[in-house]
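Welcome, and take a moment to look over the model before reading on.

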Amino acid sequence: MSWNAKYAVGILLTFILLAAVMLYVFPVIYFITGVKAFTPANFSYTRIALWTVLGLIFLYNIFIEKNPFLIWKEKKYTTLFYIQAVIALYLTCSFGGAFLNLIIQLLTHEGMSSKLVQISSVFRNNYLLIIFTCLTAGAVEELLMRGYIQPRIEKIYNSPYTAIVGSAALFGILHSTYGTIGQVLVPFFIGIVFAFFYKKYSNIKILIICHFMYDFVSMMVMNFMDIKHLSAF
């Protein structure tokens, strides 16, 4: 099997496994636990499922690809650069995402994602679950979508722009289970921003930190305010 074929299979496997978790993990967990309710414990199991996907892709990389998981070697930067980069990325994603959400709501009069409202109730004052969820999103999604998928798409098509748009599109599609246009286009926008950054600076740790921070702030806002009155989510 050629390198491109191995990379293509790895990308497809990653997307299928993540999509399966997003679509079917709750029914499976309900069946295993016997608790057919959206509880903090059941939600925690879904995050463990995402870590399992990351582990499976690591195994595929070790035994099939037999190449470094991160094809692009990590570049080192100063602490000041880390701080500036995280702040810049956070502000870009926050204001850009909020503006995009506003445009979508003005054009479509889209309602609130029922799934997001349901999730927000599980996180109420459950700070350990909030941290675990944000850490999972930051580490798993960045390692897979930017660290793993983006460089391999670029290798296959020999095009950095195809890799940027392609990885961002997959990122957006995986969020479609929330059931709204905004929950697809905003992640797609964030995926574009993160992918451009990763291509230019080749540092996945900064993206993990920023992703964690973005989700953590959002969830803390949801924790203290009524999500139904927030246009940014």
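Predicted model: local features only at pLDDT ≥ 70, side-chain atom pairs only at ≥ 80, totals over all residues.

Residues are numbered from 1 along each chain as its sequence is written, and side-chain values use heavy atoms, with hydrogens and water left out.

What does R146 pair with? R146 forms a salt bridge with E142, and their closest N and O atoms are 2.7 Å apart. A salt bridge is a side-chain nitrogen of Lys or Arg within 4 Å of a carboxyl oxygen of Asp or Glu. E142 is also buried, because its relative accessibility is 0%. Both residues sit in helix α5, 4 residues apart, or about one turn of the helix. Helices are DSSP runs of H or I with at least four residues, strands are runs of E with at least two, and both are numbered from the N terminus.

The side chains of E154 and K199 meet at 2.8 Å, N to O. E154 lies in helix α5 and K199 in helix α7 (residues 182-201), so this pair ties together parts that are 45 residues apart in sequence. E154 is buried, at 15% relative accessible area, whereas K199 is partly exposed at 34%.

A further salt bridge joins K205 and E74, with the closest N and O atoms 3.0 Å apart. K205 belongs to helix α8 and E74 to the loop between α2 (40-65) and α3 (79-108), so the link spans parts 131 residues apart in sequence. K205 is partly exposed at 40% relative accessibility, and E74 is partly exposed at 22%.

Now let us see how α5 meets α8. Two packed helices are described by the angle between their axes and the distance between the axes. The axes of α5 (residues 127-157) and α8 (residues 204-224) come within 8 Å and cross at roughly 145 degrees; axes are lines fitted to C-alpha atoms, for helices over the stretch in contact, and angles run from 0 to 180 degrees between N-to-C directions. The residues of this contact divide into 16 nonpolar, 5 polar and 4 charged. Here Ala, Val, Leu, Ile, Met, Phe, Trp, Tyr, Cys and Pro count as nonpolar, Asp, Glu, Lys and Arg as charged, and the others, Gly among them, as polar.

Finally, look at two loops. Most residues other than glycine have a negative phi. N125, in the loop between α4 and α5, has a positive phi of about 60 degrees although it is not a glycine. S202, in the loop between α7 and α8, has a positive phi of about 50 degrees and is not a glycine either.

How values were computed. Buried < 20%, exposed > 50% of the residue type's maximum accessible area, 1.4 Å probe, protein only.
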